[in-house]
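I opened this entry to go through the chains one at a time and write down what I looked up. The notes follow the order in which I worked.

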Amino acid sequence: MAGLEDLYREIILDHYRNPRNRGELDVPPAIQAVGFNPLCGDEVVVYVEVSDGVITDVSTGGQGCSISQSSASMMSTAVKGRTVAEVRRLVRAFKRMMSIHGSGIGGTGDDLDDEPDSGNGTGDVKLGDLEALQGVVKFPVRIKCATLSWNTLVQALDETFA
Amino acid sequence: MSAEGDPRLGTGTRADFPLLGRQVHGRPIIYLDSAASSQKPQCVLDAMNSYYETINANVHRGAYEIAARATDAMEAARAAVARFVNAPSADEIVFTKNVTEAINLVARSWGGANLGPGDAVVITEMEHHANIVPWHIMAAEKGFELRWIGVGADGQLDLSNLDRLLDGAKLLGVTAMSNVLGTLNPVRRLADAAHDAGALMLVDAAQFVPHLPTDVQALGADFLGFTGHKMCGPTGIGVLWARAELLEAMPPFLGGGEMILDVRKDGFLPNHIPHKFEAGTPPIAEIVGLGAAVDYLEGLGMDRVREHEVSLTAYALRTLQDRYGPELAVHGPSEPACRGGVLSMSFRDIHPHDLSQVLDDRGVCVRAGHHCAKPLMRHLGVPATTRASLYVYNDTSDVDALADALGDAGEFFG
């Protein structure tokens, strides 16, 4: 049994208590997407502003548990200032970290391969602080909490840069 | 009876439930999620096993001994269920997959034949999605209006404009007991009002039948659905009770084997009730298991079950209030006699998902989420709650364990 400290790392609780980039952005110029976790009713709103292929601003709103809210906060700091292409690589690396490697627990993990890995590997992507979320994998029902804001970010980018 | 639960129930029945003797995370299981699904007593598991080991065969039409005995076992369970809810006839007991299917059957079959533009169906803001979505689906198809009875103070229905809502309505659908608030709704009064307005009364009794003596005739219901797995029975088996004349007039729901008298190339003749609504091979072992669950609950006595839960709910409300005061809100009626043992809690600003995670670490099984009642969650102004629910095998030690674990969660999230 994984202990609660594996799940609730200090950096996660810090992002939960002091969320970064919290709030709304004007739409347009920002694009907005809403993600739901039908399991628990969590709701994340992601605003992202892109200029010349670079994410110049990002903000998150909504409500949810410490894992979904801290993950949204950490996501916002991780993607700000990066190119859309870099961010897509980062999302892939993050979701790879958050997947239960082929352990076959149905319906709890996010699909790793919803985007085919077309050679632009993720091995060189540095996750940094995001690695604190790795402990969530030991609590499969919470994986969707951690990936909610990331999937919502992808949703926003896909709607604009499909 | 003691002031804190019936000793013959709670502690006295725990040994009947094998799962409750197990451990999780190295701690005893404290099971407080019976509103989602109850545990199963050994006698139910034995009845299902015995069916498979001794008389397993498809029911009806088999001309050999074990097929006849399988049919007898299934029909004996139907009779037991009819007796349990005081149905006038076992022919009025339709076996479904669960209460969700029971309500979908009514919406699709009765609704499909009787509802159209200009008609209205009235439901309440505290319904489970199972008594909302089937009506949304049929309203979109048939063009009738869906009207809502709101929730007022203390988790009770706001019946101030009931007459206006029922004006022109053809059906009133109400949960007998809220799966979130525990509210026991005034079913008889609502049924009388519905009938006065010319509407039929559908009762979602998923949370009621397992916990209180049920008399479909005294309740004044026309349709009443419940589910086996919340009342010590197995999953995969539910019940629709409906007045015989309604079932007779309703068109079939699913088509296939068992539900016909005759099939020709140009059509079919439906079977008599209840078989008209039971297409295909039924879940025979589950039906047998449900019959055993009914026997088990009758052995405990539903009056005693109710008394036990009222006193345990009172103990829980008092304990939580004493320990956490205004930091912990229990949604729903404050008076134990007006509610069931469903305690939907909001504790400080700790998200229910986080709260239930810490509780799980302490072996306490509760449910976090919207409990399939999103309109009610919006009314309450919360995204989710943490719900603890009580049943025949719970006692004060479970409530104390919950209270202790809440304290741990409070410390963890500071």
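**Entry 1: chain A.** I read the elements of chain A from the N terminus on and noted the run α-α-β-β-β-α-α-α. That makes 5 helices and 3 strands in chain A. I kept in mind that this is a predicted model.

I then looked up burial. Of the 162 residues of chain A, 40% count as buried. I also looked at contacts in chain A between residues at least 6 apart in sequence, and 72% of these join residues at least 24 apart.

**Entry 2: the sheet of 7 strands in chain B.** In what order do the strands of this open sheet lie? I wrote down 4-10-9-8-7-5-6, with mixed pairing. Strand 4 (93–96) and strand 6 (145–149) of chain B each have a single partner strand, so one side of each is left without a neighbour in the sheet. On average, neighbouring strands here are turned by 20 degrees against each other, direction ignored.

As a reminder to myself, strands of a sheet pair through backbone hydrogen bonds, either parallel or antiparallel. I picked one pair to check. Strand 7 (residues 169–175) and strand 8 (residues 200–204) of chain B are parallel and share 5 bridges. For Thr175(B), I found the bridge partner Asp204(B) in strand 8 of chain B.

Next I looked for a helix against this sheet. Helix 5 (residues 133–142) of chain B lies across strand 5 (120–124), strand 6 and strand 7 of chain B. I noted an angle of about 150 degrees between helix 5 and strand 6 of chain B.

**Entry 3: the sheet of 4 strands in chain B.** This open sheet has the order 13-14-17-16, and its pairing is antiparallel. Strand 13 (328–331) and strand 16 (367–369) of chain B are the edge strands, each pairing on one side only.

Met345(B) has Thr386(B) in strand 17 of chain B as its bridge partner.

**Entry 4: where the chains touch.** How many residues of chain B are in contact with chain A? I found 14, facing 13 residues of chain A. Helix 12 (352–361) and strand 16 of chain B each supply at least two residues of the side that touches chain A. The largest share, 5 residues, comes from helix 12 of chain B. By class, I listed 6 nonpolar, 6 polar and 2 charged residues on that side of chain B.

Key. Residues are numbered from 1 along each chain as its sequence is written. Chains are lettered from A and ligands numbered from 1 in the order in which they are written. This is a predicted model: local features need pLDDT of at least 70, side-chain atom pairs count only at pLDDT 80 or more; totals for chains, interfaces and linings use all residues. Two strands pair if DSSP finds at least two bridges between them. Axes are lines fitted to C-alpha atoms, for helices over the stretch in contact, and angles run from 0 to 180 degrees between N-to-C directions. Two residues are in contact if their C-beta atoms, placed from the backbone, lie within 7 Å. Ala, Val, Leu, Ile, Met, Phe, Trp, Tyr, Cys and Pro count as nonpolar, Asp, Glu, Lys and Arg as charged, and the others, Gly among them, as polar. A residue is buried if 20 or more other C-beta atoms lie within 10 Å of its own, exposed if 12 or fewer, and partly exposed in between; C-beta atoms are placed from the backbone.
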